[in-house]
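Dear colleague,

Please find below the structure that I am handing over to you. My findings follow it.

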Amino acid sequence: MHQRYIGSSTFQFLNDVRLQSSAAVVGPKEGAGLLGKEYDLIHNDLYAGQETWEKAERKILEDAVNTAIEKAGLSTKQIGAYLAGDLLNQNITASFSAQTTQIPFMGVYGACSTSMLSLLLATSLVDAGFVQYAVAGVSSHNCTAEKQYRFPTEFGGQKPDTAQWTVTGAGAGVVGIGGSGPCITHATVGKVMDLGVKNPFDMGSAMAPAAAKTIATHFQDTGRKPSDYDLIVTGDLATVGHPIARELLMNEGYQMGERFRDCGMMIYSEEQEQFAGASGCASSACVTYGHLMKEIERGNLHRILVVATGALLSPISYQQGEPIPCVAHAVAFESDTLTF
């Protein structure tokens, strides 16, 4: 008899749970980057037609959720659960957007790992039969996140090369049984850990051990190996943390090769000079719900593992000198044209 919970921390989904549709909405800088043609909507300014940056982030998330539902050929009344999160205090972007959509809402927080955390929870609800359809969504905004976690944009303080640029964007996916979209087969829930890093401008180093741990656990729980995937992507380790994660996995006996990439290094071009790369909930969400799902649809990818990474710091914690605890959650996708 097949088990839903395998190994130490991996869910195995027994029903034909699939991503019915997905949508990615971004700001102007992201739209001018490497994946500009892969997004569903690009806002031309950081205010997205709103009065404040916080309202703009809410608008961007609502656009992603509504676009995903529309692409699935559904209405909001057919969605049984809306699971979403963001980086602002008390998840205000997600909760305020839920007021607009009027879908039963569950707020989720895992920092930048929330993209896959919300998706694995939404998939679990559908797989267990609690709801017919569920929507998972996340957002981030450069100006709102900088204001909360570091310094307001107007301050203009110089950042070190290890810093990252928070993505302005949102991603959403509709989960349901059957259909023609990619199947969601497994999800590995990460454990919180830290490397002792206290610098909020070096999240890549802080998150790398959690990412490597979740990936290694996924392989151990499922019996899979790196070559079983066309692509394995981390969420936002960027140029600093991704090499660390690669080395940690190599020490565990996993040769990751060229199939191992990072969403934070796929969004901006070198000419945009965004320090070590992208970060934020929307880093993994926009790449996954935009570019990667289109690559599966095109037949260029058949089995992928998305490992969203999150630094669980707060202004209070780092002001008190606490190390940055981190977590990573992984979700595996497969197409019907799997060739392994």
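The notes below concern a helix pair, the cysteines and one threonine.

This is a predicted model, in which local features need pLDDT of at least 70 and side-chain atom pairs count only at pLDDT 80 or more, while totals for chains, interfaces and linings use all residues. Residues are numbered from 1 along each chain as its sequence is written, and side-chain values use heavy atoms, leaving out hydrogens and water.

Helix H4 (residues 114-127) packs against helix H8 (residues 281-298) at an angle of about 60°, and their axes are 8 Å apart. On the H4 side, the contact (heavy atoms within 4.5 Å) is made by Thr114, Ser115, Met116 and Leu119; H8 contributes Cys281, Ser284, Ala285, Thr288 and Tyr289. These residues comprise five nonpolar, four polar and no charged.

Cys281 is also buried, at 0% relative accessibility (buried means under 20% relative accessible area). Its sulfur lies 5.1 Å from the closest cysteine sulfur, that of Cys112, which is too far for a bond. Cys326 is likewise buried at 0%, and its sulfur is 9.6 Å from its closest cysteine sulfur, again in Cys112, too far for a bond. Across the whole structure, zero disulfides (cysteine sulfur pairs within 2.5 Å) are found.

Thr123, within helix H4, is buried with a relative accessible area of 0%. A polar atom of the Thr123 side chain lies 2.8 Å from the backbone oxygen of Leu119. Beyond neighbours within four places in sequence, Thr123 is in contact with Phe13, Val17, Val175 and Ile184.

With kind regards

Conventions:
Axes fitted to C-alpha atoms, helices over the stretch in contact; angles between N-to-C directions. Helix = DSSP H or I, 4+ residues; strand = E, 2+ residues; numbered from the N terminus. Nonpolar A, V, L, I, M, F, W, Y, C, P; charged D, E, K, R; others polar. Buried < 20%, exposed > 50% of the residue type's maximum accessible area, 1.4 Å probe, protein only. Polar contact = N/O pair within 3.5 Å; in protein donor to acceptor, adjacent residues only side chain to side chain.
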